[in-house]
Amino acid sequence: MFKPVSLFVGLRYTRTRKRNHIISFVSVISMLGISLGVLSLVLVLSVINGSTSTMRGETLKSVPHVTLSGEGGLTQWRNLAEEVTRHSQVLAAAPYVEGEAWLRYQGQDQVVTLRGVSPTLETSAVDVANPQFDRLLEQLQTTPNGIILGSRLAGNLGMFNGETLRITPLQSLLGLNLEDAGSFTVLGYADFGFYGNASVALVNLEAAEDFFGSSRSADIRLRLRVTDVFNAGPIAEEAVATMAIQDPGGLTITSWSESQANLFNALRMEKILTGFMLLMIVIIGAVNIVSTLVMVVADKGADIAILRTMGASRRTVMGIFVVQGFIAGIIGTVLGATLGVLLTLNISRITAAIEQLVNLTLSPDSIYMISYLQSELRWIDVLVVCFAALLISFLATLYPAWRAARVQPAAVLRYE
């Protein structure tokens, strides 16, 4: 089978058992360095993806997929909800009002996000799939002054069902007007996600409107639940654009990715910076490729000179050492990617086994334990990592290969 000279000789050099053990050792270290870098990148990026997905899911338990709001509130929210839910990708719509309030209980103070909701519509519009939460909303419907607390909020304050709370609008508190305080009866607690459990409380929509009075917190907004959270904004825009009724004017569409932009931009930046730092491991492995090839060029000086006298061009000589060095990069990349994918797919079981072996809880309950470590393998990340590793490996071969191509046959063979 025909092979180019550079490929044939380069593969032969790769398979040949090297006389110089130092060269062999450095070559193995370079492959292992690239493998370790690729493995670390695949694993860590997958764990970051899993953490981001977990945070997104927890956030969307309390944050609407899309919020429709308007200047002065949506007074005709029923008609608007009926129109937008006709869109095939809008699953549900529910009204709500939301504002900050000061909660006081047995000498303990807590600033909370008080949200007024319609119990009959809220069930279908939230991402809290819990029968207990549905039962609490049914109780809320029949209890005008009832309140549902986030689970951590209730735990922090030591509250029990049936107790009465005094809550004051934060705006009234800042204005030193404590007469606007309202009394609410605790119906129970619910899961509002990792970021809402310590600060969110639900009351009836009418009670919240009366509670906030004429402040902007009493303005009614509409929350939408859509089929694809990653395209929540465009779906809402399309639903509004295709309404049979005329746009009420001043309608503002805010998706969860906009309202939570700071959090997820920070997570995205963390992924980029972490990937860049771990890429340094691959670069270190590539530096070893440079060292290996420089020593090989020095060791194979006579062979290079003979090839040049036999008619091999400088380009052919350069290709020989590019192939030899690039093979190390390919082997290291394939090995690292394979191990990284296997480790990622089994990371939850591995970490759970480690925790069980150690028999020690590594974190308090408010933080995810190692046994809950989640990963989300994205093949696009694996492809990008492999491409970056191969590119770095290829670039690392260019300088030693260029030096090999610059060898002067006469100067080398004069002393042979």
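First, the ground rules. The model is predicted, so local features need pLDDT of at least 70, side-chain atom pairs count only at pLDDT 80 or more, and totals for chains, interfaces and linings use all residues. Residues are numbered from 1 along each chain as its sequence is written, and side-chain values use heavy atoms, with hydrogens and water left out.

Now the overview. The protein has 16 helices and 9 strands. Those are DSSP runs numbered from the N terminus: helices are H or I with at least four residues, strands are E with at least two. Of the 416 residues, 46% are buried. Buried means under 20% relative accessible area, exposed means over 50%, and partly exposed is in between, with a 1.4 Å probe and protein chains only. The protein exposes about 21,800 Å², and carbon and sulfur atoms supply 60% of that. Accessible areas come from the Shrake-Rupley method with a 1.4 Å probe; for residues, only the protein chains shown count as cover.

Next, contacts. A contact is heavy atoms within 4.5 Å. Take the contacts with a separation of 6 or more: residues 24 or more positions apart account for 81% of them.

On to salt bridges. How many does the structure hold? There are 6 salt bridges. The rule is a side-chain nitrogen of Lys or Arg within 4 Å of a carboxyl oxygen of Asp or Glu. Side chains of opposite charge can pair when their charged atoms come close.

Start with the network. Glu82, Glu83 and Arg86 are linked by salt bridges. Arg86 meets Glu82 at 3.5 Å, N to O. Arg86 also pairs with Glu83, where the closest N and O atoms are 3.4 Å apart. Look at the cover on each residue. Arg86 is exposed, at 56% relative accessibility. Glu82 is partly exposed, at 45%. Glu83 is buried, at 10%.

Now another pair. Glu122 and Arg223 form a salt bridge, 3.4 Å from N to O. Glu122 lies in helix H4 (residues 119-125) and Arg223 in strand E8 (residues 221-226), so the bridge ties together parts that are 101 residues apart in sequence. Is Glu122 buried or exposed? Glu122 is buried, at 1% relative accessibility. Arg223 is buried too, at 1%.

Next stop, His65. This residue sits in the loop between helix H2 (21-59) and strand E1 (66-69). His65 is buried, with a relative accessible area of 6%. What does its side chain reach? The His65 side chain comes to 3.1 Å from the backbone nitrogen of Val226. Leaving out residues up to four places away in sequence, His65 touches a list of residues that includes Leu60, Asp127, Leu224, Arg225 and Val226. Also among them are Val229, Ala232, Thr254, Ser255 and Trp256.

Now helix H11, residues 261-299. Ile272 lies in this helix. Ile272 is exposed, at 52% relative accessibility. Ile272 belongs to a nonpolar surface patch with Met269, Leu273, Phe276, Met277, Met280, Ile283 and Val287. Together these residues have about 760 Å² of accessible area. Patch members have over 30% relative accessible area and no salt bridge; like charges are joined within 9 Å, and nonpolar side chains (Val, Leu, Ile, Met, Phe, Trp, Tyr) within 5 Å.

Thr274 is also found in helix H11. Thr274 is buried, with a relative accessible area of 17%. Which residues does Thr274 touch, not counting those up to four places away in sequence? Val44 and Ile48. Thr274 and Val44 are 230 residues apart along the chain, yet their C-alpha atoms are separated by 8.2 Å.

Last topic: aromatic pairs. The count is 3. Rings of Phe, Tyr and Trp (its six-membered ring) pair if their centres lie within 6.5 Å; planes under 30 degrees apart count as stacked, over 60 as edge-to-face, and the rest as tilted. Phe326 and Phe394 have ring centres 6.1 Å apart and planes at 80 degrees, so this pair is edge-to-face. The pair links distant parts of the chain, 68 residues apart: Phe326 is in helix H13 (residues 314-345) and Phe394 in helix H15 (residues 379-405). Phe326 is partly exposed, at 24% relative accessible area. Phe394 is partly exposed, at 34%.

Notes. A polar contact is a pair of N or O atoms within 3.5 Å; within protein, one must be able to donate a hydrogen and the other to accept it, and residues adjacent in sequence count only if both atoms are side-chain atoms.
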